[in-house]
Amino acid sequence: MFSLPAWLLLSTLVAAPSDVELVVFMAQGCPHCQQLRPELDELRTAGYRIQEVDALANRSVASEWKVESVPTLVILRGQKEVDRVVGR
């Protein structure tokens with residue numbers, strides 16, 4: 001089962017929700033992407049901003065962000081990328 005690594009959750013939760021944005025590149029038929037939904041919903045409930053991007057439907061955006069596989073999670077603080085997690 002694919003889930004957010006503990007260090008990612010901790011580093012995200014250390015900052016105030018208003019300081020952190022998570023951009024998640026997913027795909028409709030990706031089972032690993034679907035397994036992330038509960039964790040993403042928890043972060044949303046806690047007040048974190050999460051933007052989901054369908055990487056297949058938005059190939060130019062995914063290319064601009066240098067996304068090579070899904071799921072790819074990009075953590076932004078102050079609109080700057082501070083970390084990235086790439087799934088299988």
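Which helix lies across β1 and β2, and at about what angle does it run to β2? In this predicted model, local features were considered only at pLDDT of at least 70 and side-chain atom pairs only at pLDDT 80 or more, whereas totals for chains, interfaces and linings use all residues. Residues are numbered from 1 along each chain as its sequence is written, and side-chain values use heavy atoms, with hydrogens and water left out. Helix α3 (residues 37–45) lies across the two strands, running at about 145 degrees to β2; helices (H or I, at least four residues) and strands (E, at least two) are DSSP runs numbered from the N terminus, and angles, from 0 to 180 degrees, are taken between N-to-C directions of axes fitted to C-alpha atoms, for helices over the stretch in contact.

The strands form an open sheet of 4 strands in the order β2-β1-β3-β4, with mixed pairing, where two strands pair if DSSP finds at least two bridges between them. Because β2 (49–54) and β4 each have a single partner strand, they stand at the edges, and one side of each is left without a neighbour in the sheet. The twist averages 20 degrees from one strand to the next. Parallel pairing over 6 bridges joins β1 (residues 20–26) to β2, with valine 24 bridged to glutamate 52 in β2. Antiparallel pairing, over 6 bridges, links β3 (residues 72–77) with β4 (residues 80–86).

Threonine 72, in strand β3, is buried (under 20% relative accessible area, 1.4 Å probe, protein chains only), with a relative accessible area of 0%. Contacts of threonine 72 (heavy atoms within 4.5 Å) include Val24, Phe25 and Val85, not counting residues up to four places away in sequence.

Methods
Buried < 20%, exposed > 50% of the residue type's maximum accessible area, 1.4 Å probe, protein only.
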